[in-house]
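Me: Could you take a close look at one part of this model for me, and walk me through what surrounds it? I'd like the cut-offs spelled out as you go.

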Amino acid sequence: FANKVTKNVSISSSLVYMVEMGSWAYSIRMRQLRSDEEGYETEEKRGFKNCILTSRHLIIGDQHVRGEAVIGIKIDRYAVLFVSI
């Protein structure tokens, strides 16, 4: 599990080995901070109102995975992402 806050956006990632599939699955969650949270910046200071993930670059061990923002199966409003390592 990893978490990073930059420019008012909290980005969390997690990785789990899926025994039944014989591969790894990862999740990336992104959200803007609320005004009462540590690290909050105003829209004027951060330079944007909303944000959206448009591409990804993951470093897993010595592998670099680049591509579009969402790959996998979309369930309701969440995307389930899979990557084989």
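Reply: Two strands pair if DSSP finds at least two bridges between them, and the elements themselves are DSSP runs numbered from the N terminus, with helices being H or I of at least four residues and strands E of at least two. With that in hand, Leu15 stands opposite Tyr26 in S3. A quick word on sources: this is a predicted model, where local features need pLDDT of at least 70 and side-chain atom pairs count only at pLDDT 80 or more, while totals for chains, interfaces and linings use all residues. Residues are numbered from 1 along each chain as its sequence is written, and side-chain values use heavy atoms, leaving out hydrogens and water.

So, the part to zoom in on is strand S2, residues 9–18, where Ser10 sits. On one side, S2 pairs with strand S1 (residues 2–6) in the antiparallel sense over five bridges. Thr6 has Val9 in S2 as its bridge partner. The hairpin of S1 and S2 has two residues between the strands, and Lys7 there takes a positive phi near 50°.

S2 is also joined to strand S3 (residues 23–32), by ten bridges, and these two run antiparallel. Their hairpin has four residues between the strands, with Gly22 at a positive phi near 65°.

Now Ser10 itself. Ser10 is buried, with a relative accessible area of 8%; buried means under 20%, exposed over 50% and partly exposed in between, using a 1.4 Å probe and protein chains only. Leaving aside residues up to four places away in sequence, Ser10 touches Asn3, Lys4, Val5, Arg29, Met30, Arg31 and Leu33, where contact means heavy atoms within 4.5 Å. The Ser10 side chain also makes a polar contact with the side chain of Asn3, at 3.3 Å. (That's a pair of N or O atoms within 3.5 Å; within protein, one must be able to donate a hydrogen and the other to accept it, and residues adjacent in sequence count only if both atoms are side-chain atoms.)

In a regular strand the side chains alternate between the two faces of the sheet.

Elsewhere, Leu53 lies in the loop between helix H1 (43–46) and strand S4 (55–60). Leu53 is partly exposed, at a relative accessible area of 35%.

Buried residues make up 21% of its 85 residues.
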